[in-house]
Amino acid sequence: MARSFEDDPLTAAIAPPPDETTEQKEVRERAEAEARRVSDEIDEQLRNERNALRRRRPPVKVLLLGQSESGKSTTLKNFQMHYSTELWQEERSSWRAIVQLNLIRSVVSLLDLLDQAMTTPEPIRLPLPETSRPQTSERLLSSPRAPPSAIEFSDIHRILRLRLAPLRGVQQDLERRLGAAAEEVITAGPRNEALPLPPGARERPAQEFAVRSRDGWRSALERFRPRNGDAQDTARAAENRLRKVAEVTEVIAGCGDDMKALWEDPVMKELLARKKIRMEDEPGFFLNDIERIARRDYEPSDDDIVHARLRTLGVQEYRFYVEQGRSLTAGHDWHMFDVGGTRSSRAHWYPYFDDVDAIIFLAPISCFDERLREDRRVNRLEDSYMLWQTLCSLPLLAKTQIILFLNKCDLLERKLRAGVHVRDHVPSFGDRSNDVETVKKYFQTHFKEIAKQHSPEPRRFYVHLTSVVDTRATAATLRTVEEGILRASLRRADLL
Ligand SMILES: Nc1nc2c(ncn2[C@@H]2O[C@H](COP(=O)(O)OP(=O)(O)OP(=O)(O)O)[C@@H](O)[C@H]2O)c(=O)[nH]1
Ligand SMILES: [Mg+2]
């Protein structure tokens, strides 16, 4: 049965008496106004006390380190999702262009593969027998000995190549607008140096470098954000931007069915299998979501944003204030620094080492059979080991808390299930069982040993096995990490 408003006991209790006189009403309203004033004064006092406390407390500074594609920015996105909800929502639509670019890139690389296979009888990569596999899991065999059956292409493939060709132009257009952050192929750093030290790099960053801190995906996103009310953004520029966004969306929507047909085509799958290419393991993989993303009204979900790939340039600073929450972390300013992880960008990390409370170091452990994009000679796991060793051994970081995230555990699990053997790529793994728990434990022990052997003084080993694209699990990890960092930071500042 519906209840009337008057039935509510609280409303009834504070309602003025029905027979209230004009004088009584005036008295009551004066009392209410006074109560409101006192309440506002208390709120103001609390705000001031909180601000004074904030000013007294130094910010907690955290540096995110690790090789390129290790998941640093994705970890930062997890922080942003929890503590800057407003900004997160504001940036949501800007991520649409990044997801579209990620998807188009994957489709174009499928097209490249198809073009190549249809136009040149290329040598085909075949897997070697398990026992004779060298460091890389594949070896070039020439055509005559190659596949037992030649791949047959049909008119469908010719039509798909023609119909999907406009995507190349859209890719170029999006990349041009996103700038350098959209590029993935970059110059290699010095050989055998996981963390090169440039001359004079121990100084605080120069002014122009501070300016670069707005580069990277944050500023790339800016170029796709509608800026209502921005005086500098002329009506024509805004219109132009909207038209461009609509054009890209239109082309993608028009190609939706063909993109899906290409990705699901059995011949395409066979080509990928023969080349031993697993698109699913690539960063920014959205091929299984074509139907959803190719819609004209597509809006990126939280999941899409954490899966989207846009590399970081320079060092990007991100600040947030933990307003509420558990008692220890609440009321603190956090400054997080996200860096570019390619070898050539690592020299820029040094200036941040002397003034940081903690480092979160990300090592993607699914990458044991992969090579660095910027230097194909270097195994990615080896690179992470070297980087970890260098950081642990730096006297400047002897007292800094370093938290290790052994990341991409989901991809590790998928890779092992797909039949990739660790021992083929990491000889020291030996005859251990190839199951995910054994592999994780093995890598974890190796990192722990390195820390133990190379730290100038004993340091506690903090490790988390993570898949930072899993935002729910990551939220729990980050809570533990935050508390640990804060305790150490307060202890250092003698505030605990
Ligand atoms: N499946 C899976 N993907 C991940 C995980 N962590 C990161 N990624 C993806 O890997 C790609 C690279 O992650 P980023 O966070 O951009 O890597 P980064 O360390 O910031 O790379 P740089 O900016 O180049 O230094 C993105 O597409 C992420 O969605 C993970 O744990 N599992
Ligand atoms: Mg990044």
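1. Axes are lines fitted to C-alpha atoms, for helices over the stretch in contact, and angles run from 0 to 180 degrees between N-to-C directions. Helices are DSSP runs of H or I with at least four residues, numbered from the N terminus. On these terms, the axes of helix 6 (residues 155-164) and helix 10 (residues 235-264) cross at roughly 135° and come within 10 Å. Helix 6 is therefore oblique to helix 10; angles under 35 degrees count as roughly parallel, over 145 as roughly antiparallel, 65 to 115 as roughly perpendicular and the rest as oblique.

2. The model is a predicted one, in which local features need pLDDT of at least 70 and side-chain atom pairs count only at pLDDT 80 or more, while totals for chains, interfaces and linings use all residues. Residues are numbered from 1 along each chain as its sequence is written, and chains are lettered from A and ligands numbered from 1 in the order in which they are written.

3. Helix 6 and helix 10 cross in a left-handed sense, meaning that the near helix is turned anticlockwise from the far one by less than a right angle. Leu160, Arg163 and Leu164 of helix 6 make the contact with Cys255, Asp258, Met259, Ala261 and Leu262 of helix 10 (C-beta atoms, placed from the backbone, within 7 Å). This contact holds six nonpolar, no polar and two charged residues. Here Ala, Val, Leu, Ile, Met, Phe, Trp, Tyr, Cys and Pro count as nonpolar, Asp, Glu, Lys and Arg as charged, and the others, Gly among them, as polar.

4. Helix 10 also packs against helix 7, with axes that come within 11 Å and cross at roughly 150°. The two helices are therefore roughly antiparallel to each other, and their crossing is left-handed. Pro166, Leu167, Val170 and Leu174 of helix 7 meet Val248, Val251 and Cys255 of helix 10. By class, that contact has seven nonpolar, no polar and no charged residues.

5. Helix 7 (residues 166-178) has a further partner in helix 5 (residues 95-119): their axes come within 10 Å and cross at roughly 140°. Helix 5 is thus oblique to helix 7, and the crossing is left-handed. The contact of helix 5 with helix 7 divides into nine nonpolar, two polar and three charged residues.

6. Ligand 1 is surrounded by 24 residues, the closest being Gly71, Pro283, Arg309, Thr312 and Gly341 (a residue is near a molecule if its C-beta atom, placed from the backbone, lies within 6 Å of it). The shell has five nonpolar, 13 polar and six charged residues. Helix 3 (72-83), helix 13 (302-307) and helix 15 (409-417) each supply at least two residues, and helix 3 gives the largest share, three residues.

7. Ligand 1 lies between domain 1 (57-93 + 312-490) and domain 2 (95-205 + 216-307), because both give residues to its shell. The domain bounds come from an automatic or database domain assignment.

Technical notes: Contact = placed C-beta atoms within 7 Å.
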